[in-house]
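The notes follow the order of my look-ups.

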Amino acid sequence: MKFTIVLFACLFAVAFANEEADVVKEFREVNKEDFKYGYELTNKIRAFQEGHLEDEKTWIVKGEYEFVTKDGKHVKVTYTADDYGYHPKVEHSE
């Protein structure tokens, strides 16, 4: 469930831009007990996420995504997600 929340948070960055963009970089690696993926688009959206299975039921996930708002502000969200929830840290800059 928490993994799904984190995935939606990353996809939010793409939806927020609301414009078409081409993929500059993309990678993914999915295994039974860990994963990582990332992408970068021409509209300055970038995301990276990785996680591993801590035990039979617990995923530990960390990642970040960033984008530029319509008014030109740069936003970067760095986060972790674990048994205790989703823990974002948001940075804004001009």
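I took strands as DSSP runs of E with at least two residues, numbered from the N terminus, and I counted two strands as paired if DSSP finds at least two bridges between them. The model is predicted, so I kept to the rule that local features need pLDDT of at least 70, side-chain atom pairs count only at pLDDT 80 or more, and totals for chains, interfaces and linings use all residues. Residues are numbered from 1 along each chain as its sequence is written, and side-chain values use heavy atoms, with hydrogens and water left out.

Sheet. I found an open sheet of 6 strands with antiparallel pairing, in the order β1-β2-β3-β4-β5-β6. β1 (23-30) and β6 (85-93) each have a single partner strand and stand at the edges, so one side of each has no neighbour in the sheet. Neighbouring strands are turned by 5° against each other on average, direction ignored; the axes are lines fitted to C-alpha atoms, and angles run from 0 to 180 degrees between N-to-C directions.

β2 and β3. I looked up the antiparallel pair of β2 (residues 34-41) and β3 (residues 46-53) and found 7 bridges. Lys-36 has Glu-50 of β3 as its bridge partner. The hairpin has 4 residues between these strands, and Lys-44 takes a positive phi near 70° there.

β3 and β4. β4 (residues 59-68) pairs with β3 over 8 bridges, again antiparallel. His-52 has Ile-60 of β4 as its bridge partner. The hairpin from β3 to β4 runs through 5 residues.
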